[in-house]
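Me: I am new to this structure and would like to learn how to read it. Could we take a few features in turn?

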Amino acid sequence: MTTPDPALLHRLETFYDALPRFTARAEDFGGLVLFVREGAGWPFYARPRLDGSAPPSAADIMAARERQRELGLPEAFEWVHENTPDLLAVARSAGLAVLEAPLMVLDPAALPDVPAPGVRLLDPAADTFAADTELSRAVAAVGFGTPGTGAGAAGPAERDAARVDLDAAAVDDERAAIVAGRRFTAIVELPDAGPVASGIGMRAGDVVEIAGVATLPAFRRRGLGAALTLTLARQALADGARVVFLSASSDDVARVYLRVGFKRIATACIAEPAPVSAP
């Protein structure tokens, strides 16, 4: 891992604070800010306040968790370890299990000049946009339901079973985000199988985060995740992004991203309540 660049880490911290504010309200709990989504969509997290004068305390975490439970939200917390190093021990002492994920930034000069066959970006003007969005989300649900990079049995049948019909408002929200340049989605389609991998890019200012890269287990170990990430990174740069980054769920997953030009610069911490052991 390279030595963290404080200026780059601050840009990422600013991104993390800015992105939820497009669709969420912010509630402060001491050194933490909880983002509460307005309307339908994936719920956000609590994280250290950008303007905080002191690191979050265990009391701040407990207050935020109580509010999350009150609102029916996941008790989710995220932060960059190098920006808030004291929070790791505090979070664990407050009963949270913490995933320490490789935080990686794209080196544009290392982006390989190779084709990415079968990958396409969703077109918000297409007649198939609603169906494409539903299928891309179903791919993610199945893929993340079987973590890791190993192959498995789940394929198109499981994807179709996980598909959820979106109402018109949800489709319109997704379309508006793409048209506004805040979001883009790519899928990998194979003949006779349809979408088998998906991922998104999320933008605030000139920073883009690539997230949600998932492949149906039956189609893993074919380079589809790398091809998808390559396409998303190229699109981000074409749209004028100056920083493109992502968080890998494990060191094994990080190796996929190393092959398409990303390098590890820090550690992203993702926390949730620790499982309760049976007596």
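**Reading a predicted model**

Reply: We can start with one side chain; keep in mind that the model is predicted. Phe29 has a relative accessible area of 17%, and it counts as buried because that value is under 20%.

Me: Where does Phe29 sit in the chain, and what is it in contact with?

Reply: Phe29 belongs to strand β1, which covers residues 24-29. Beyond its neighbours within four places in sequence, Phe29 is in contact with Leu34, Asp60, Ala63, Ala64 and Arg67. Sequence and space can also be set side by side: Phe29 and Arg65 are 36 residues apart in sequence, with their C-alpha atoms 9.9 Å apart.

Me: Is Arg159 buried or exposed?

Reply: Arg159 is buried, because its relative accessibility of 6% is under the 20% cut-off. Arg159 lies in helix α5 (residues 156-162). Neighbours within four places aside, its contacts are Leu135, Ala138, Val139, Val142, Ala193, Gly194, Pro195 and Leu216.

Me: Which strands does β11 pair with, and in what sense?

Reply: Strand β11 (residues 262-273) runs antiparallel to strand β4 (residues 77-80), and 4 bridges join them. Within that pairing, Val80 has Ala268 of β11 as its bridge partner. Strand β5 (residues 96-106) also pairs with β11 in the antiparallel sense, over 11 bridges. There, Leu106 stands opposite Phe262.

Me: Which residues of the largest nonpolar core touch the most other members?

Reply: They are Ile210, Leu228, Tyr257 and Phe262, in a core of 37 residues. Several elements each supply at least two residues of this core, among them β5, α4 (129-145), β9 (207-215) and α8 (251-258). The largest share, 8 residues, comes from α7. As for Tyr257, its contacts beyond four places in sequence are Met104, Val213, Thr229, Leu246, Ala248 and Phe262. A second, separate core has 25 residues, including Val105, Met202, Val207 and Phe245.

Me: How many residues line the second largest pocket, and which lie nearest its centre?

Reply: The lining has 17 residues, and those nearest the centre are Pro48, Arg49, Gly52, Asn83 and Thr84. The space in this second largest pocket is about 230 Å³.

Me: What classes of residue make up the lining of that pocket, and which element gives the largest share?

Reply: By class, 8 residues of the lining are nonpolar, 6 are polar and 3 are charged. The largest share, 4 residues, comes from helix α1 (residues 6-18).

Note on methods:
Residues are numbered from 1 along each chain as its sequence is written. This is a predicted model: local features need pLDDT of at least 70, side-chain atom pairs count only at pLDDT 80 or more; totals for chains, interfaces and linings use all residues. Side-chain values use heavy atoms; hydrogens and water are left out. Buried means under 20% relative accessible area, exposed over 50%, partly exposed in between (1.4 Å probe, protein chains only). Contact means heavy atoms within 4.5 Å. On a 1 Å grid over the protein atoms alone, a cavity is a set of points where a 1.4 Å probe fits but cannot get out, and a pocket is an open set with protein on both sides within 12 Å along at least five of seven lines; lining residues have an atom within 4 Å of a point. Grid points are joined across faces, edges and corners, and a volume is the space filled by probe spheres set on the points. Ala, Val, Leu, Ile, Met, Phe, Trp, Tyr, Cys and Pro count as nonpolar, Asp, Glu, Lys and Arg as charged, and the others, Gly among them, as polar. Two strands pair if DSSP finds at least two bridges between them. A nonpolar core is a set of buried Ala, Val, Leu, Ile, Met, Phe, Trp, Tyr and Cys residues joined through side-chain atoms within 4.5 Å.
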